[in-house]
Amino acid sequence: MTTPLLEVRNLRVQFPTRRGLLTAVDDVSLTIAPGEVLGVVGESGAGKSLTGAAIIGLLEPPGRIASGEILLNGRRIDNLSAEEFRKIRGREIGAIFQDPLTSLNPLYTIGRQITETILTHLNVTPDEAKQRAIDLLNEVGIPAADKRIDHYPHQFSGGMRQRVVISLALAAQPKLIIADEPTTALDVSIQAQIITLLKKLCREHGTSVMLVTHDMGVIAETADRVAVMYAGRIAEIGPVAEVIHHPQHPYTVGLMGAIPNLGEEVERLTQIDGSMPRLNAIPTGCAFNPRCTRKGEVGARCTTERPSLMNAGKTQAACWLYSEGAATNTTNTPQSVAA
Amino acid sequence: MLAFIIRRLLQSVLVMLTVGFIAFSLFNFVGDPVSLMLPPEATQADRDEVRKSLGLDQPFYVQFGTFLGNAVQGNFGISLRLGRPVSQLLAERLPATLELAMTAAVFGLLVGIPMGVYTALKRDKWTSKVLLTGSLVGVSLPNFLIGIFLILIFAVWLGWLPSFGRGETTAIGFWTTGFLTTEGLKAIILPAITLGFYPITLIMRLVRAEMLEVLRTDYIKFARARGLTNNAVHFGHALKNTLVPVITITGLQLGAIIAFAIITETVFQWPGMGLLFIQAVQFADIPVMAAYLCLIGFIFVVVNLVVDLLYFAVDPRLRVERSGSGGH
């Protein structure tokens, strides 16, 4: 196996509050290989965006990395000084945020914002930077880029602005892009275009992507592997087709069952009873245990001992069902969602 | 853009007409000018004669028209107290007041903006807290008290700076300036600080509040995610976005500074328009008061117009260009 581009080891993000420490990201480990697209899904508050923010070093205080390591190309980056980390942002790790309407500074032309990013990171002349900005805009599909470069953000539509944001993220040729809900704020018809564009550009540039979203459709279309997060922990991680078609963790199973499928008559979509626990009330053992339909099968362990990721089918799931000694094993997989 | 300017100009004319009317009414409110001008023993015939020669027998709107016509040409009559043309008096005093007001305003911006940025960026430092608390004092202390304190400390105790007057001035054409002599420069320091104290604290608090707001926005987060330097993020991206409200307040403050100069000029015996006005009030010198009112009104109108135009320079969203819209 090649060395991963990004490796996150046992990351824990905490927020000190008046009522004690809240652990928003708890013992998360994941890797992203060069050129790979890793999808991160989960409900609101599952810790997926915070994981992304921790990786690019933009956790907002008082949030902080309490323990764990983040390695980029084998080099530890989570303990760098603010100035050292700044040089990595944009240059080695790019970012795309949710709302293209507010991601661009309204007072500067898009050309200025792109050249500014290029000049910050690359050793080029202003003219070369401008040419590169025009090339980038062409590449993300902005027509008449040489003219539009002098336009202000408000002169672009939402979809066009997200294209500009993507060109900004790619401006200094980073190896990894953290895309936090890149299509959520967009019109459905434009979402597909943006996802296709992002996918195409990353393939061409060999850029890895960590795609944070709650939209399984986007993940299914884009990602190579997917991590499912629940209450700050990874519930299941594995190849995207496996996780979607043969989910192992009871939470993933429930999640997939809740997705409507076109061309199939279903009376009711299944739903997971209850809701995700609040950060100050995460149950002991498996965080999902109060809502789990299968917790009786492996005894009391679910409520007392926290499961780590275990091999389960072709994925890894944090569930005692798949521990070595468990009676019910992968032979008795939960009903998979029809392909 | 052009339509906007024309509309604003028309509004300005309306404002000036109103101010002119109020100034004109002063003459009638404060009593009959004829009885002020003539000795008590003058006969009725004398009175009628004077009344007629001054045009005071005309109907009110004709008088107002004449007043406006004269005012537009800069003719506000003769000062009752000094017996010289009012326009000439004001022209002599205008440079002193404008130099003081401009120095105070520049001082307010140069000190207020950096302090606002600093207290926003280093929110938790004790220096920020000291500045913020100090600014409360600045907002609440009356102007004249600050002036008197400054005189006490720097003029009386330390003896570094003069306590009154404008020092030595140099005449450049009609304009007399105090900026070219050391004496003049030393003399303007205390009054400018006194006058600029309130704007400093106001601008500082405003910039701080706006900065905190802007620093939370997505485009600042995105600018950080692009790896821009802190200076580029704070001063290039954040500060510029705080400028629109700052320009508004500074513009209004500039008008207020010129008007407030009355008090500072009195404390420091600064030979500006404010001092002239105070003396005019004591003497019921109506032509001077009316002219001062019109002039201050005019300055306010001009400053507001400039502020509106500055918005266009700062915020591209206000410039109406329809050429480039398109996309999806």
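Colleague: How many bridges join strand β3 of chain A to strand β9 of chain A, and do these strands run parallel or antiparallel?

Modeller: Keep in mind that this is a predicted model. Two strands are taken to pair if at least two bridges are found between them; here 4 bridges join β3 (residues 37-41) of chain A to β9 (residues 225-230) of chain A, and the two run parallel. Within this pair, V40(A) stands opposite A227(A) in β9(A).

Colleague: Which order do the strands of the open sheet have in chain A?

Modeller: The order is β6-β7-β8-β3-β9-β10-β12-β11 in chain A, an open sheet of 8 strands with mixed pairing. Its edge strands are β6 (93-96) and β11 (310-312) of chain A, each of which pairs on one side only. Neighbouring strands of this sheet are turned against each other by 20 degrees on average, with direction ignored.

Colleague: What does the secondary structure of chain A come to?

Modeller: Chain A has 12 helices and 12 strands.

Colleague: Why does the radius of gyration of chain A agree with that of a compact globule?

Modeller: A compact globule with 339 residues would have a radius near 20 Å, and chain A has 21 Å, so the two agree. Along its principal axes, the C-alpha trace of chain A spans about 70 × 50 × 40 Å.

Colleague: What percentage of the residues of chain A count as buried?

Modeller: Of the 339 residues of chain A, 47% count as buried. As for contacts in chain A between residues at least 6 apart in sequence, 64% join residues at least 24 apart.

Notes: Residues numbered from 1 in each chain as written. Chains lettered and ligands numbered in written order. Predicted model: local features only at pLDDT ≥ 70, side-chain atom pairs only at ≥ 80, totals over all residues. Rg over C-alpha atoms; globule rule 2.2 N^0.38 Å. Buried ≥ 20, exposed ≤ 12 C-beta atoms within 10 Å, placed from the backbone. Contact = placed C-beta atoms within 7 Å. Axes fitted to C-alpha atoms, helices over the stretch in contact; angles between N-to-C directions.
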